[in-house]
Structure formats: structure tokens, C-alpha cells
Amino acid sequence: MAKPVLLTVDDDPEVLNAIERDLRQHFRTDYRVVKASSGPEALETVHQLKERGAQLALFLVDERMPHMTGTQFLVEAIKVYPDARRVLLTAYADTGTAITAINQIGLDHYLMKPWEPPSLRLYPVLEDLLSEWFARARPSFDGIKVAGHSLSPSSYAVKDFLAANQVPYQWIDMEDEDSVRALLSGASGGAAMLPLVFFPDGSTLVQPTAIELAEKVGLQTRAQKPFYDLIVVGGGPAGLAGAVYGASEGLRTILVERAAPGGQAGTSSKIENYLGFPSGVSGSDLAHRAATQARRFGAEIITAQEAVEIRREDPYRKVILSDGSELTGYAILIAPGMEVRRLEAEGIEPLHGAGVYYGAALTEAATYRGQDVIVVGGANSAGQGAMFFSRHARKVTMLIRGPDIAAGMSRYLIDRIEETPNVEVLTNTRVVRVSGHGRLESVRVVNVTSRVESELPAAAMFVFIGTAPRTSFCANLVKRDAQGFVLTGREVMTDGRPPAGWTPQRDPYLFETSVPGVFCAGDARHGSGKRVAAAVGEGSATVSMIHQYLQTV
Ligand SMILES: Cc1cc2nc3c(=O)[nH]c(=O)nc-3n(C[C@H](O)[C@H](O)[C@H](O)COP(=O)(O)OP(=O)(O)OC[C@H]3O[C@@H](n4cnc5c(N)ncnc54)[C@H](O)[C@@H]3O)c2cc1C
């Protein structure tokens, strides 16, 4: 298989040769380095590479070039390779330009010249960007192949599970009959058994469950130890932070995640307000880094397993998993976050996974390249989704129930949406009916003030209409509020008295629930910040309270 390309562009031959030399020295095993001495020449190269079917992973471009600036070049180049990472080479004086480019073209990084020594100032940042690109672009390779219908909910579930767990696969659409017929001829059951997953060792899974897939691709699904100091439920930012801090401070730590580490944050195409990432970080990249960090400190992470109940058997705490097995430990951190709310509209259920998706469904963006899509919702997650899909779709229509987009969305996203020509915002608008034969074809909407209805043709509809805490599994044990958020700290006290069954001679710690030794952090906690940084802060802060609790058991 041809290596993906790193394209570097600079009009100064000395600088161009130096960057080419440094790139080759470090990346030549996995990437091919291609250079160009001007924007127009580089654009020609980009089109030639595309025609040859080459993969392009990174643009590393000087900003100040005659004829065409680096930013102008990138505006055109990313139309051809929208997933390639974008880095501008700038002088100190160009910082303002680079910051504008972050906003205009989603610049990933600006690199100051000179970049000596490359081991400190060049390679780490490019390695990060390339690993992010690799996880997203999933280069075609001779590994796992998934065959199915692109508009089938079960095929979508398999693709979503593999992508969320950052397992590369090659997708084979049933519509591409030749390749599928050849593959299906070797599988019992034939086309009726889709989706089929083919593995490099020659084995096949037919309509696999998440746990079957997880085990087959080598993800841990069962606990290795009989006992833990800390059991974390949920692998979003709060749970991952709990696992990182717990394991790094010597606690025997296990984290249970029903789908894939990352949680809601993992589905975000770009988190722009997380401290330390001036040009944003993709949720999947953040999740991947955090999970790697937790494992490096010795935490176990088991996926495709859901906590279905928690129990108190003093002095132990138990978590019952969906396969019937039990985890036993001293303390539990509940960090299950939120699940997306379902949209109520006529005809919607049968089209779920066949054009209707909840949340960002980033894996599906390529399927709808060049088509019209709808994004439902007016909060930041919907805004981020609209911006992401605008890179692929012909047109994105945002449907917002309220009269003003500013009511639920951050200013920076509103500005971005207003500057993007293929995004249209319809306020005061509600979905009435969803139609299509086997796949979404159109969405009927009503303007809630004028009562005028209209039919919008759409190949896909991505729904972001809010979330509810996913806490039913612990409802038997801990106190929750009317919406299902878990109460902690002073909230569990009544008239200054601790809750029934409270045994310690102290009040509950800040993030402790109505049961001693059971803590809660992140979005599922009553009164939490509902942000990545807040969840990370709570998850890590909980660990010091758990240490204090462990001294008493
Ligand atoms: C599309 C989108 C974009 C966003 N963008 C931003 C942003 O730019 N900036 C920002 O600050 N915030 C953003 N947010 C909000 C942010 O993602 C959340 O505040 C944050 O993820 C909450 O973290 P958490 O760990 O509490 O829960 P979650 O992220 O919801 O994670 C909970 C995890 O627990 C798992 N789980 C649930 N129940 C169980 C169970 N019973 N057993 C096992 N596992 C379970 C879930 O599968 C999930 O992985 C965004 C949210 C969305 C949806």
C-alpha cells in the first residue's frame, strides 16, 4: 500500500530543503514527503495526488509566499483533502494571521520558524496531528472489512463501535456488488446475515454484538483482578480523569465503559474551549490520549460492558455488569454522563440509522458528501455538528425551535456559522414528520409562529436536542433529583442530617453520594458544570476524597 503523503510548501529553497530533510529523517518509514516551491505548484500536486488516489495526511505550508499565501493555498487544498491536517509555518510577526487562519480554515497548528531543534519543536506536534489524522482517516488497509448496507442500523452500529474504539476497518457497501459477492460467497448465510465482519486471520463475525466485536479486536471486556480499590462506571472525561488520577496514585483501578472511552466529548468533532489546545482538539483524540494515559498508569479499561446495578455489601461495593459478572471493590465512582434525547416526530423510528442519527455520528459524514443534511438543535453541540458536516455536505440546514440562535450557543460558534456559506439557520422551526422509503428522503417542518409547513429534502438528519442523565442503573441505591441527576455532598442531607443508612461519623464529602464510598462526577451529577473541563476537574478531585474514604475501611 502506498504511504500517505506529507506535503510541504515554501518559496524559500533553503527553508524548503531544510523542512523536507527534517520531515524525511523522522517520518520516512510511514509517510512520503513531497515538496513544492509555490502555492500554485502545490495545488497542481494536490490534484495529481488525488487523481492517483493517494492519501494526504498533512499540509505544512509557509504563510508568506508571493502569488498565493499559505492560507489562500489551504483554502483551496482542503477542498480536495478535507481531512488532512493543516500547519502554517510563520514568523513571529505572522501570529495574528495564524490566529485568523485557525478560525477561517480550521488551522491545526502554527509553527514558528526556525523549528530547531526538531526533536522538541517539530516532531512532537506533527506526531500528535498525524496520529489524530490516522485515527480519523482510517487509511484503507488489509485489516478488518465490514460489509453491509450503508443505510442499515445494524451496520451503522458496527461501524460506530469500531470507529469510537479507534479500530481501523474497510467499509464495503452492499451496493458495490462485485466486491461483496466475492466476500459473501465464503460466508454461510449470505446477504441475509449482514453486516458481516471479516478479520485478517480469515474468520468472520455475522451480525456481531458489541462484546463479540470487542473481544475479537483485542479490547479488554473482563476484569483481570478479583478486587479493586476503585471501580469507575463510565469512560467519559470524568471517568477517565478518575481512572488516571486513581491509578497514578496507586489505587487498583478499573473503568467500565458500555461503548467506547470518550463519552459525549468523544463524539465532538472539535472541542475548542479545553485548556491548552488553542486550535481545538477532536474529542476522539482527547479520549484516545486519556485512555492511553490511564492504561499507562495501570488502570484496566473494559469496554462493551454496561453497569446494570450497583450494590452496597459493607465494607464492599459491587458493580453488576451486563454479562452478569460482578466487580468488587471498596469505592465506586459513578460517571455515566448523559444520553441524547430522542426526537418525537411522525415516521422517525424506522429511519433511525438509515439517515436519522442522534449526536454527531461522525462516521457517517462521508456517506453524505455533496448532499443536503439537516441538523436539529440550537446548543453548542448542534453548532459544532453543523460546522463539521458543512465540510462534507452540499448544504446544512439547522433547525432551531427558539427565536434566536444566540439563546443556546456560544458566540464563537455563531460567528463561525454565519461565515459559512453552506449553512442555513431556520429559527422558530420544529420537525413534524420524517419521510423516506428505507432511507431518509425529506423532513416536514413547521414554523411555530406563522404555522406555515414546508418539506425539506434531506439525505440525513443529525439530532442534537439535549440530553438526560444515564443513571437508572444506580437508582436502587443512591439519591437522585427529579430529573435523575445524582445528588452529592450537602445535597443528600435533610435538615442537616445525613441520609438513612449513613454510617460514618462525618458528613458526605463534596462529590460523595447518599451511600458512603460511592462518588459521582461529571454531567450526571446534580449541579455539575456540563463541560469537558468541569468533568475532568470533578473526576480528578474525587480521587482525593476516595483516598480519605479508603483510610476508614
Ligand atoms: C457533540 C458534543 C459536543 C460537545 N462539545 C463540548 C465542547 O466543545 N466543550 C465542552 O466543554 N463540552 C462539550 N460538550 C459537553 C461535554 O462533552 C460533556 O460535558 C462531558 O463529556 C461530560 O463528561 P462525563 O464524563 O460526565 O460524561 P460523558 O461524556 O457523557 O461520558 C459518560 C460515559 O459513560 C458511559 N456510560 C454511561 N452509563 C454507563 C453504564 N451504565 N455502564 C458503563 N458505561 C456507562 C457512556 O457510554 C459514556 O461513554 C459536548 C457534548 C457533545 C454531545
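Is Glu215 buried, partly exposed or exposed? Glu215 is partly exposed, with a relative accessible area of 37%; the scale sets buried at under 20%, exposed at over 50% and partly exposed in between (1.4 Å probe, protein chains only).

## Basis of the model

This is a predicted model, in which local features need pLDDT of at least 70 and side-chain atom pairs count only at pLDDT 80 or more, while totals for chains, interfaces and linings use all residues. Residues are numbered from 1 along each chain as its sequence is written, and side-chain values use heavy atoms, with hydrogens and water left out.

## Salt bridges

Side chains of opposite charge can pair when their charged atoms come close. A salt bridge here is a side-chain nitrogen of Lys or Arg within 4 Å of a carboxyl oxygen of Asp or Glu. The whole structure holds 32 salt bridges.

Glu215 pairs with Arg222, with 2.5 Å between the closest N and O atoms. Arg222 is partly exposed, at 45% relative accessibility.

## A link between a strand and a loop

Asp229 and Arg252 form a salt bridge with an N to O distance of 2.9 Å. Asp229 lies in strand S10 (residues 228-233) and Arg252 in the loop between helix H10 (237-248) and strand S11 (253-257), so the pair ties together parts 23 residues apart in sequence. Helices (H or I, at least four residues) and strands (E, at least two) are DSSP runs, numbered from the N terminus. Asp229 is buried at 11% relative accessibility, whereas Arg252 is partly exposed at 37%.

Glu309, Arg311, Glu313, Lys318 and Glu326 are joined in a network of salt bridges. Asp314 and Arg312 form a salt bridge at 3.1 Å, N to O. Asp314 is partly exposed at 48%, and Arg312 is partly exposed at 25%.
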